[in-house]
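Hi everyone, thanks for coming. Please bring the structure up on your screens, and I'll walk you through some of its parts.

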Amino acid sequence: MTVTNGTLDKRMSAADIVAQLSDGMTLGIGGWGPRRKPMALVREILRSDLKDLTIVAYGGADVGMLCAAGKVKKLVFAFVSLDAIPLEPWFRKAREAGSIEVLELDEGMFQWGLKAAAFGLPFLPTRVGLGTDLAELGGLKTVSSPYADGETLIAMPALKLDAALIHVNRSDWRGNVQLFGADTYYDEWFAKAAARSFVSCEELVDRIEDHYPEDAQAQTFERCFVTGVVEIPCGAHPGSMPPLYGWDFKALKAYADAAKDPGDWNAVKDRFVGADEAQYLASFGGKEAVAALPLPIF
Amino acid sequence: MTDVTLAELCIFAASEAFCGNGEIIATGVGPIPRLGASLAKLTHSPELMMTDGEAYLVEQPVPLGPRKYDDRKKAGYLPFSRFFDSAVWTGRRHAMVTPTQIDRFGQINLSRLGGTHQQPKTQMLGVRGFPGNTIYHPNSFFFPQHSTRVFVAGEVDMISGVGYNPARRVPGGNYSGVDLRRIITNLCVMDFGGADHAMRVVSLHPGVTFDAVQTATGFALERLETLPETALPTADDLAVIAALDPHGIRAGVFKDNPPARPAA
C-alpha cells in the first residue's frame, strides 16, 4: 500500500488545534512547573472562547493563566509552581476564591493515572495516598490484593485525556518528534493517555530521517500518538525549553506581581497573552532575546 | 569555636541524619538540608547518591547558587521521568524537607492552610510527592522556625504525608515503609523514638532549654532523660560546608545569621 505524503501530513496552525477542542473537555498539558510547557498553545486557548475545561497538569503558569481567565472547571494536580517563584499566585487566587473544583494527587499517583489511561485500564493499584487525606478528598477507592497477602491498595483511576498539548524540540510533519533537555518529565505518558495529542515544536522539518537520524532515540513517544503538529519557536516562553532556552524570570515575575497589582486578569491579559503569537513574542524581545535566556541553575 | 553559626550547626546535624543510610538517593530540599546531605557524602557517607538538583546523578555534590550551567560532573542519570521507578517507589531514598506544618503523629502538610478543600484560606504548593515519599522511604525534616504554628496542636490542616496516626491507617494497608527519622529545628534535634513513635527531643542547641522547645510546640514532647548539647561541626566540616556554599547562602537562613552558641 502506498501512503501519500498528504495522508500523514499532520501540520496544523495553533488556531486549528484549538478549534479541535471543545467546551468541557479534559485536557492534559505536558511539561513540569515552568519547564517544557506548550505555552503558545495555552495562549491560543486563552484567545479563544473555550471554557469549562478539566486541566490535568504538573502545573506552572499554564494552570495559573487558565485559572485566571476562568477557563478551568476542574484541576487535577499535585502542585502548581513557577519554581523560581514557588507559589503560583493566579492559581492561589482561584483556589482561595473557591472558584475551581480540584482532584489533588501525589506526583507519582498522577503519572500512574496517566499510565492506567495509556494502557486502557480502569485503575492501577498503589500504596501511595494511604494514610493521607488524598483518598477521602478525591473519592479514591481501595482494592484488595486477590493473592495471599491480601494487601489493601488505592485504586488510582485512569486519567483519561480527551486531548494532550505537548511542546517538543523537533518534529517532522508526520509527528516524528524528538525531545531533548535533561528531563522530558511525563510528556510521553500525556501523549499516550490522550485520545488525541497536539504537539507544538521549536523546529519543524519535512522528513526527520533526512535531517536528524542520529537523534532517533530522542523520540520518547511514537507518531501514532500525535494528531497534529505546529511549529512555534519559543513556544514554551515564559517557561524554559532546555537545551534551547531557560525561563524568563523577569516575565514570570511581572506575571506573578500582576496577580496582586492590579490583580485583575482582564487588565493584564494583553501583556501576557497578546493578540497573536508574533506580537506576544515581539513584546518580550523576540526570538533573539528568548534564545539568550540562560538555563536555570538548580 | 565561637564562630560556628546556627546555620552551620544545623547543616552538621542534618548531615548526621544521612549517616549509615547505604546506597540511596539523599535529597535535601532547601539550603540547610541540601548542604547537610552534601556534607554527609563528602565526609562519613560517600556511598550516598545524589542529583545535581535537576536530572543527573553526581558523585561530587554540586555547590549551591550561581555557577556555570555545566559545572557538574555527570556520573549517572535520574530524571523525574524515572524518579518514582528508581528512587521513590523502590524505597531507595531519604529526603529531608520543610513542610509548612507537622503534628504529633509526624503527619505533614504542604498543601493548604485553613478554610476547606474547596476554598482554602491559604493555598500553598499542593501535596507534591509527600504521600509517596512518606509511605515508601525514610524522611527527615528541617524547620527554621520552631513554633506552635509549625508544630501544631491536633492534626495538620491537610495530611500530605503519612505519619504514625493509627486513626488514619486504612486497615490492610502496608505501612512498613513509613520511616520518619530526624527533625532539626533552630532549637533542637528530635526523632520519633518516643512511645508509639512520639516525637522526642534528643539534643538541645547551645543555650536552649527543653522548656523553651516545649513552649514552642503545640503538643507534649518526650525527651531523653539527659539531653546532650547538639554537636558542633569541626573545622574540617566547616571547610567542606564553605566549599559547598561559596556564595554564603547559608547566612540568610536565619535572621541576622546568629552564632551557634549565643553570646553570654
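Let's start in chain B, with an open sheet of three strands in the order S2-S3-S4, paired antiparallel. This is a predicted model, so please keep that in mind throughout. At the edges of that sheet stand S2, residues 50–51, and S4, residues 74–77, each with a single partner strand, so one side of each has no neighbour in the sheet. S2(B) is joined to S3(B), residues 56–58, by two bridges, and these strands run antiparallel.

Now to the helices of chain B. Two packed helices are described by the angle between their axes and the distance between the axes. Take helix H1(B), residues 6–17, and helix H2(B), residues 31–42: they pack at an angle of about 55°, and their axes are 7 Å apart. H1(B) and H2(B) are therefore oblique to each other, and H1(B) passes H2(B) in a right-handed crossing. Which residues of H1(B) and H2(B) make the contact? From H1(B) we have Ala7(B), Cys10(B), Ile11(B), Phe12(B), Ala14(B), Ser15(B) and Ala17(B). From H2(B) come Ile32(B), Pro33(B), Leu35(B), Gly36(B), Leu39(B) and Ala40(B). By class, the residues of this contact of H1(B) with H2(B) are 11 nonpolar and two polar, with no charged ones.

H2(B) has another helix to meet, H6(B), residues 235–244. The axes of H2(B) and H6(B) come within 10 Å and cross at roughly 125°. H2(B) and H6(B) are therefore oblique to each other, and their crossing is right-handed. On the H2(B) side you will find Leu35(B), Ser38(B), Leu39(B) and Leu42(B), which meet Asp237(B), Val240(B), Ile241(B) and Leu244(B) in H6(B). The residues of this contact divide into six nonpolar, one polar and one charged.

Is Asp3(B) buried or exposed? Asp3(B) is exposed, because it has 9 other C-beta atoms within 10 Å, and 12 or fewer counts as exposed. The C-alpha atoms of Asp3(B) and Pro206(B) are 13 Å from each other, although these residues are 203 apart along the chain.

Next, the place where the two chains touch. Chain B brings 43 residues to the contact and chain A brings 40. On the chain B side, the elements giving two or more residues are helix H3 (83–88), strand S9 and helix H4 (130–136). That side of chain B has 21 nonpolar, 15 polar and seven charged residues.

S9 of chain B takes us across to helix H5 of chain A, residues 89–96. Six of the eight residues of H5(A) are buried, so this helix is largely enclosed by the rest of the structure. Those buried residues are Pro89(A), Trp90(A), Phe91(A), Arg92(A), Ala94(A) and Arg95(A). What covers them includes helix H4 (61–68) and helix H10 (249–258) of chain A, along with strand S9 (120–123) of chain B. Just after H5(A), Gly98(A) takes a positive phi of about 70°.

Staying in chain A, let's look at strand S2(A), residues 53–57. Five of its five residues are buried. In a regular strand the side chains alternate between the two faces of the sheet. Here Leu53(A), Ile55(A) and Ala57(A) are on one side, Thr54(A) and Val56(A) are on the other, and all are buried. S2(A) pairs with S1(A), residues 26–29, in the parallel sense over four bridges. One example is Leu27(A), whose bridge partner in S2(A) is Ile55(A).

My last stop is another open sheet of three strands, S5-S7-S6 of chain A, with antiparallel pairing. Its edge strands are S5 (123–126) and S6 (142–144), each pairing on one side only, and the twist averages 40° from one strand to the next. S5(A) and S7(A), residues 152–157, pair over four bridges, and Phe123(A) has Pro157(A) as its partner in S7(A). Finally, helix H6(A), residues 107–118, lies across S5 and S7 of chain A and runs at about 145° to S5(A).

Technical notes:
Residues are numbered from 1 along each chain as its sequence is written. Chains are lettered from A and ligands numbered from 1 in the order in which they are written. This is a predicted model: local features need pLDDT of at least 70, side-chain atom pairs count only at pLDDT 80 or more; totals for chains, interfaces and linings use all residues. Axes are lines fitted to C-alpha atoms, for helices over the stretch in contact, and angles run from 0 to 180 degrees between N-to-C directions. Angles under 35 degrees count as roughly parallel, over 145 as roughly antiparallel, 65 to 115 as roughly perpendicular and the rest as oblique. A crossing is left-handed if the near helix is turned anticlockwise from the far one by less than a right angle, and right-handed if clockwise. Two residues are in contact if their C-beta atoms, placed from the backbone, lie within 7 Å. Ala, Val, Leu, Ile, Met, Phe, Trp, Tyr, Cys and Pro count as nonpolar, Asp, Glu, Lys and Arg as charged, and the others, Gly among them, as polar. A residue is buried if 20 or more other C-beta atoms lie within 10 Å of its own, exposed if 12 or fewer, and partly exposed in between; C-beta atoms are placed from the backbone. Two strands pair if DSSP finds at least two bridges between them.
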